[in-house]
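Hi,

Here's the structure I said I'd pass along.

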Amino acid sequence: MKFTLSWLKSHLDTTASVDEIAEALTDLGLEVEEVSNPLDRLAEFTIGKVVSAEKHPDADKLKVCQVETADGPTQIICGAPNAREGITVVVAKPGVYVPGIDTTIGVGKIRGIESYGMMCSEREMELSEEHDGIIELPTGEVGDSFADYLAEHSPAKVDPMIEIAITPNRPDALGVRGVARDLAARGLGKMKPRDVVPVDATFESDITVSIDDDTLDGAPVFYGRLIKGVKNGPSPQWLQDALKAIGLRPISFLVDVTNFFTYDLNRPLHVFDADKVQGNLRVHRAKGGETIVALDDKEYTMQAGQMVISDDTGVESIAGIMGGASTGCTDETVNVFVESAYWDPVQIAYTGRALKINSDARYRFERGVDPAFTPEGLEHAVRMIVDNAGGEVSKVVVAGKVPDTSRAYKLDPARVQSLVGMEIAEATQRQTLTALGFDLKGDMAHVPSWRPDVRGEADLVEEVARIASLTKLQGKPMARVSTGVPKPVLTLAQRREQIARRTIATLGYNECVTYSFVDQPAAAMFGGGTDASMLGNPISSEMSHMRPSLLPGLLQAAARNQARGIADMALFEVGPVWHGGEPEDQEVLACGILVGNTGPKDVHGARRAVDLYDAKADAEAVLAALGAPTRVQFQRGLSDWWHPGRSARMALGKTSLAGYGELHPKILAKLDVKGPVVAFAVHIKNVPVPKSKSATRPALVLNDLQAVDRDFAFVMDQNVEAITLVNAALGADKALVTGVNVFDEYVMDDGKKSLAFTVRLQPKDATLTDKDLDAVSAKIVDKVSKATGGSLRG
């Protein structure tokens, strides 16, 4: 929404500066996006007078001028045909930036003669397109500021322009008067009356209007007046200047009038050339297939149900969006029918989007214009047309009736304190609402018709607080619930997420934050992609399902990095995943992937490819940080996206704590990731809660008795897993056995293999005797033999 300072002052009697107005608008919720003040770029230009102008000795079209300036006589070379002795000119001295030619003036030689400045044309100063000669001023004192001269003699040329961003809930601010109303309520001036005296009617209109019954919900009211004998042509200079200042191109007076009131009073209008209208006008819904060439010279095909205005020959206007070219006004137009109607915002939005038309009328109608202002807006336009273009006016043609938008809400002054935290006197609250157009009767505030966004008591509070300025809100610390050290506010799950995130980052991983939505194929690869996890209104086809795992996002991030030449990566994410559509199907995972090698190339050959043991070590580190037991079971049988022979599950019985290993090559190929890739995924919620709730670390236990290591070797089938042996040995005597480490494997030809391992025994009460060692060894042999089906190697 753009407007100029002078345009604003036609509604608001104010002495506020542009900066004060801009600051107030942003504080009121009408954010200022741009302030363009021509005076700023003209501040350094001064007025001078040509004392003499002689022909340049080496150039036919150049003149050597002596110009009286604030610094005394100055020599300037000029090629303008009107450069002559005695004229008052605009001077740019060396160092002054000239915007029209994007140049900073310097001292230079032109054909051997020095020039110390420049005399400017209007185009060089971006005042107009005039460049046939330099500016000649009728008056002006040497050395005076040219910007001050323009502000006094041609204010339209230096009128500051303000552009504000309008939120969808403030359609009233799409008119300059609505902006002025907010500023007046803030106290930056007083509103000027803009009442209009309707033009007396002298005849009945030759054109009537009807609205079909099935269209009244989208077009409840239509007003119009026929004007005969108008003289169309260029608009008055003030009107052209106003439209040009906000970026609109003046077309003709009749068209410019509609554009002016669209921005001035937020009242879109349309003017039909009455001589081109065949018969009467009818507002109805299109059957589908009708075509119209609109004012933008494009042909549109109407869809069934869209609202149109037709005469006896067919569609002449797309209701509330754009008129038709066939009944548009030209310089030859003498009889016009002026339309002022109200259109339903939702239906206008649907039609505009379907036809892909963006117009000022659509922009305003789909946000909501003032329905009660419909007849008055017509009278404003008719009065301006008659006063400037002449003509006689018919009686008002009316179809339908203005919709009733009246509503009232109770004003509770105490609600401001409870909702906003500001103390505003009741009298000030009532005064604010009255200034904004609310009608207060007792404690009930009746909402003005131009404020469709006010829908409850809280909105009244918002209006009061907005005008009072939320910048005055004083921050106050919240009162403490209890004395002493406050209790922790984070839950166990939140603390665990924090611990997991910090632990993985400490291990050298880089954190990723990926979307919780993935496409169906990617979700299906990781056990999801069903209707239960499908979004009802996805952002795009690539974000149609809730993610069943963190791995799709991490692998896609790895693929993007590999495409940019980054081969070695350690990425992780801690976040929610969804195994279904119910709340209990959601859980938080901590997941990391390793891609490429362990480090850069070096002379020692320490660089190697990452493997599943790297992922295993990192998963164990995370579980340890979360307080998981040190003894867990390692199991086969992970999901299909893991490598079947290079992955394992860490569990407590049937409760899975984590999974780690290589990802399946087929999965990597589908996601364009160059493998192998190892990963781990920790189920944070499955880690058992420690029995001790203390936040302090347990006491350090130092054993004063020497540990004993015993080696064993068992022969067993080759398909027996080493972890089975380890778990059996650990369970032989939980009090004494503190560690089991496999250190040798020998594969035999008969389908057997030999596994050698060390068992560490840590006594606590007394040194182990040979008898004690033999007893523990027997338990170990028995446990391992039963678990593996093997025998002690002789």
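This is a predicted model: local features need pLDDT of at least 70, side-chain atom pairs count only at pLDDT 80 or more; totals for chains, interfaces and linings use all residues.

Let's start with helix 17, which covers residues 612-626. Its 15 residues reach 21 Å from the first C-alpha to the last, close to the 21 Å expected at 1.5 Å a residue. The buried residues of this helix are Leu612, Asp614, Ala615, Asp618, Ala619, Val622, Leu623 and Leu626. Looking down the axis, you'll find these buried residues within an arc of 165°, so they line one face of helix 17. On the face turned away from that buried side sit the exposed residues Tyr613 and Ala624.

At its start, a side-chain oxygen of Asp611 comes to within 3.0 Å of the backbone nitrogen of Tyr613. Just after the helix, Gly627 has a positive phi of about 90°.

Now for helix 6 (residues 237-245), where the buried residues are Leu239, Gln240, Ala242 and Leu243. These cover an arc of only 160° around the axis, which puts them on the same side of helix 6. They pack against helix 1 (5-9) and helix 7 (253-264). After helix 6 comes Gly247, with a positive phi near 90°.

Cheers

Definitions and conventions
Residues are numbered from 1 along each chain as its sequence is written. Side-chain values use heavy atoms; hydrogens and water are left out. Helices (H or I, at least four residues) and strands (E, at least two) are DSSP runs, numbered from the N terminus. The expected span of a helix is 1.5 Å times one less than its number of residues. Buried means under 20% relative accessible area, exposed over 50%, partly exposed in between (1.4 Å probe, protein chains only). The arc is that of the directions from the helix axis to the C-beta atoms. A polar contact is a pair of N or O atoms within 3.5 Å; within protein, one must be able to donate a hydrogen and the other to accept it, and residues adjacent in sequence count only if both atoms are side-chain atoms. Contact means heavy atoms within 4.5 Å.
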